[in-house]
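Reader: I would like to learn how to read a model of this kind. Please begin with confidence and then proceed to the fold.

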Amino acid sequence: MAQRKRSRAAIALGSGLLVISALCFAQVQDVALKAAYIYNFALFTTWPQDVASASRFDVCATPETPLWDSLEKLNGKAVEGRPWTLVDVALASPGQCRIVVLSGAAPLHATEAGMSALVIDDGSVLGPSAAAIKLVNEHEHIRFDVDTRKASFSGLTFSSKLLRLARNVS
Amino acid sequence: MRNTIPFRSENVVTNAPSMVSSMLGQAALALALCLTTLTAGAADFTSAVASASLDMPSDMDSATLADLPLETLMRVAVTPSATQPALAPALSEIYALRYLAPGVDQGALQDAGSQQRVALVTKQAGGF
């Protein structure tokens with residue numbers, strides 16, 4: 001019995017290690033990876049109380065952004081117990097967006113829909129932006145810079161783990 | 001009289017190889033099962049990982065990636081970007097035109113000779 005348990009543990013450990021080592025050499029579409037990053041950012045952010053009273057967790061972007069399809073695939077995933085819902089920012093009502101994704105392909109200026117939202121630059125915006133988190137392509141990997149001041153304007157704070165993994169924190 | 005546990009060196013010597021071979025056997029079994037799972041492509045995720053390990057562009061979607069921890073995502077390499085600003089190559093060309101090819105105006109090439117010169121200079125400026 002004990003031997004069977006040991007062999008199961010060995011199989012599980014072997015599978016895990018193999019998947020992780022394969023991922024180290026993996027190449028994926030950057031848009032898919034950036035969308036996954038943005039979902040993780042949502043998990044590592046302390047949200048205001050009113051998020052709990054909402055029925056959905058609205059993420060706003062323009063349909064022209066290259067990330068649109070990847071962000072849409074996350075629909076239904078839970079953030080703070082609410083389902084992730086991608087919304088066209090042009091159709092969002094004031095204060096509706098919890099996350100606003102900026103894209104250089106479709107520049108998005110500050111809107112009422114993005115008030116108190118976590119603004120994330122997908123890495124294609126040239127020059128300064130209102131983004132609290134900027135994704136950066138660096139040596140075929142995705143990194144990110146965090147601006148805690150811009151986040152605090154929206155009443156948001158980040159976990160220490162997120163800040164530790166960031167390339168730059170200002 | 002002191003109670004002592006009799007030490008039998010022959011037990012250690014004879015049991016050690018069988019223990020090691022048993023552990024190795026288990027490890028080999030685990031590895032074989034893992035490889036079988038990956039190559040069988042039982043799930044989208046495992047097949048995506050298998051193709052990714054061959055350095056092929058993967059269609060692993062964002063929903064699958066989102067379930068991975070951030071530390072793991074940071075190790076994943078990306079294919080050439082759709083969201084990266086295309087400023088860098090243009091900038092090197094501008095530098096080449098402005099500083100390395102005197103007499104050639106930016107973007108306004110008068111004759112074939114100028115074009116050849118710029119092509120040569122742009123090649124040289126590839127290390128910018």
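Author: Confidence is expressed as pLDDT, the predictor's value for each residue, from 0 to 100. In chain B the mean pLDDT is 54, and 16% of the residues reach 70 or more. This is a predicted model, in which local features need pLDDT of at least 70, side-chain atom pairs count only at pLDDT 80 or more, and totals for chains, interfaces and linings use all residues. Residues are numbered from 1 along each chain as its sequence is written, while chains are lettered from A and ligands numbered from 1 in the order in which they are written.

Reader: Where in chain B is confidence lowest, and where is it highest?

Author: Helices (H or I, at least four residues) and strands (E, at least two) are DSSP runs, numbered from the N terminus. The lowest mean in chain B, 40, belongs to helix α5 (residues 87-100) of chain B, and the highest, 91, to helix α4 (residues 70-73) of chain B. Residues 86-110 of chain B have pLDDT below 50, and beyond near neighbours in sequence this stretch has 27 contacts in the model; a contact requires C-beta atoms, placed from the backbone, within 7 Å. Where pLDDT is low, the predicted coordinates should not be read in detail.

Reader: Which residues have the most contacts inside the largest nonpolar core?

Author: A nonpolar core is a set of buried Ala, Val, Leu, Ile, Met, Phe, Trp, Tyr and Cys residues joined through C-beta atoms within 7 Å. A residue is buried with 20 or more other C-beta atoms within 10 Å of its own, exposed with 12 or fewer, and partly exposed in between. The largest core has 48 residues, and A:Leu33, A:Val59, A:Ile99, A:Val101 and A:Ile120 have the most contacts inside it. Helix α2 (residues 30-43) of chain A supplies the largest share, 10 residues. Beyond neighbours within four places in sequence, the contacts of A:Leu33 include A:Ile142, B:Leu65 and B:Val78.

Reader: How do the side chains of strand β6 of chain A point?

Author: In a regular strand the side chains alternate between the two faces of the sheet. In strand β6 (residues 99-102) of chain A, A:Ile99 and A:Val101 point one way, A:Val100 and A:Leu102 the other, and all are buried. Strands pair if DSSP finds at least two bridges between them. Strand β3 (residues 57-61) of chain A runs parallel to β6(A), joined by two bridges, and A:Val59 stands opposite A:Ile99. Four bridges pair β6(A) with strand β7 (residues 118-121) of chain A, also in the parallel sense, with A:Val101 opposite A:Ile120.

Methods. Contact = placed C-beta atoms within 7 Å.
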